[in-house]
Structure formats: structure tokens, C-alpha cells
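Biologist: Can you walk me through this one? I'd like the main points in plain words.

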Amino acid sequence: MGIHRLNHAVLYVSDLDRSVAFYRDVLGFRRVPMTPEGFRGAAFLQAPGSTNDHDLGLFEVGAGAGRSTAGRATVGLYHLAWEVDTLDELATTARRLTEAGALVGTSDHGTTKSLYGQDPDGLEFEVVWLVPADRLDDAALAARTRIGRLNLPAEIQRYGGDTRGGVGISVPV
């Protein structure tokens, strides 16, 4: 079995409409009409520029559901990571997450520049830009073993805001 990428993820949410609005308004996902007829409490969303029929499925479990304790009190998924093409897109996402009160952290992993957000149910996700293969240097490769503070303006100055990330890594040359 040769897995080569994540096609979609499915999340349980407490309030479907609130979650759809978050992923639509903050991250730019669009709802796609593929909920089975007569099925209530589900939505399927596609990320901007995605070629998947959907990238995210949301299933409502109701307002009485508690927040996830994965990683604190139970095993479970820590986060999903979505890749953006440019550092300018990462900066726009940082602004939108901040405005929504959903940005919970940033990090520089050397070869990746990351934002961490939480949706309305506290489910965490990452939005990442990958340094293109032809721009990797010894310093970036060595930094993969640490978590540094992300200085997004400095990274934009270093790599360029419109440089396509992931080329030669997650994006074929």
C-alpha cells in the first residue's frame, strides 16, 4: 500500500453551523453538496485550491459534548496540518486566525514555518509553509530537531512572500 497524501479528515463537532462558519470564514473552506439525502448533522468542506472532492467532514454530536482531552487525559489525534503555497498566504492566515481569536501558537521547525489554531470546539490544526527543496540549507535542516519562534516578517524577507513552498518536497518539480 503506497500512501502518498491525506485525502480528508472527519471531525466530531458540537455545533455544525458554528464549525462550518469557522472553517469557511477563517480558513476559506467551501461547503460541497455531498451529504447523503435525509442525513442530518453533517457537512463536507473543500479547501481553497484543493482537488479532493472534500477535505474535511464535520459530524455534529450536540451541544452537550465536552471538549477533546486528547493529549491531556486521553489518547487521540493532536492536530491536522494543511499546507499553503506561499508565506504571504501564511501571513494572511495568521491575521485571520488572530482576528478570530483562534491562533494558539507559531513555530519555526527549520524546514517548515507553522501556525497553530483551534476551531470552536478546541480541536487543533496546523497551517504550514514548507521551504522548497532548492532553498534548503544546512541551517534549515539542522533546525528540524528544535522548535523555534516563528518570525514571519523575517522569513518573508529571507524567502520572499510569493515563493512557492514545498516544491521538490510535497509539490513535484
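This is a predicted model: local features need pLDDT of at least 70, side-chain atom pairs count only at pLDDT 80 or more; totals for chains, interfaces and linings use all residues.

Biologist: What pLDDT does the protein chain average?

Modeller: The average is 93. Of the residues, 100% score at least 70.

Biologist: Which elements have the lowest and the highest mean pLDDT?

Modeller: Helix α3, residues 138-142, has the lowest, at 90. The highest belongs to α2, at 98.

Biologist: Okay, the sheet. What is the order of the 4 strands in the open sheet?

Modeller: The order is β5-β8-β7-β6. The pairing is mixed.

Biologist: Which strands stand at the edges?

Modeller: β5 (80-83) and β6 (103-108) do. Each has a single partner strand, so one side of each is left without a neighbour in the sheet. From one strand to the next, the twist averages 20°.

Biologist: How do β7 and β8 pair?

Modeller: In the antiparallel sense, over 7 bridges. β7 covers residues 112-118 and β8 covers 124-130. Y116 stands opposite E126 in β8. G117 has F125 in β8 as its bridge partner.

Biologist: And what about the hairpin of those two? Which residue takes a positive phi?

Modeller: G122 does, with phi near 85°. That hairpin has 5 residues between the strands.

Biologist: How many bridges join β6 to β7?

Modeller: There are 5, and the two strands run antiparallel. S107 stands opposite S114 in β7. The hairpin of β6 and β7 has 3 residues between the strands. There, G110 takes a positive phi near 80°.

Biologist: Is β7 mostly covered or uncovered?

Modeller: Mostly covered. In β7, 6 of its 7 residues are buried.

Biologist: New topic. How much space lies in the largest pocket?

Modeller: About 1,100 Å³. The lining has 31 residues. Nearest the centre lie A47, P48, W82, E83 and V84.

Biologist: Which element gives the most to that lining of the largest pocket?

Modeller: α2 does, with 4 residues. β5, α2 (87-99) and β8 each supply at least two. By class, the lining has 13 nonpolar, 11 polar and 7 charged residues.

Biologist: What volume does the second largest pocket have?

Modeller: About 530 Å³. It is lined by 26 residues. S68, L77, G122, L123 and E124 lie nearest its centre. G122 is also the residue with positive phi in the hairpin of β7 and β8.

Biologist: Which elements give two or more residues to the lining of the second largest pocket?

Modeller: β1 (9-13), β5 and β8. β1 gives the most, with 4 residues. This lining divides into 14 nonpolar, 8 polar and 4 charged residues.

Biologist: Tell me about β1. Which residues are on its covered face?

Modeller: A9, L11 and V13. The uncovered face has V10 and Y12.

Biologist: In what sense do β1 and strand β4 pair?

Modeller: In the parallel sense, over 5 bridges. β4 covers residues 56-60. A9 stands opposite L56 in β4.

Biologist: Last one. Is L6 buried or exposed?

Modeller: Exposed. L6 sits in the segment before β1. Its relative accessibility is 56%, and the cut-off for exposed is over 50%.

Biologist: How far apart are L6 and L90?

Modeller: They are 84 residues apart in sequence. In space, they are 20 Å apart, C-alpha to C-alpha.

Technical notes. Residues are numbered from 1 along each chain as its sequence is written. Side-chain values use heavy atoms; hydrogens and water are left out. Two strands pair if DSSP finds at least two bridges between them. Axes are lines fitted to C-alpha atoms, for helices over the stretch in contact, and angles run from 0 to 180 degrees between N-to-C directions. On a 1 Å grid over the protein atoms alone, a cavity is a set of points where a 1.4 Å probe fits but cannot get out, and a pocket is an open set with protein on both sides within 12 Å along at least five of seven lines; lining residues have an atom within 4 Å of a point. Grid points are joined across faces, edges and corners, and a volume is the space filled by probe spheres set on the points. Ala, Val, Leu, Ile, Met, Phe, Trp, Tyr, Cys and Pro count as nonpolar, Asp, Glu, Lys and Arg as charged, and the others, Gly among them, as polar. Buried means under 20% relative accessible area, exposed over 50%, partly exposed in between (1.4 Å probe, protein chains only). pLDDT is the predictor's confidence in each residue, from 0 to 100.
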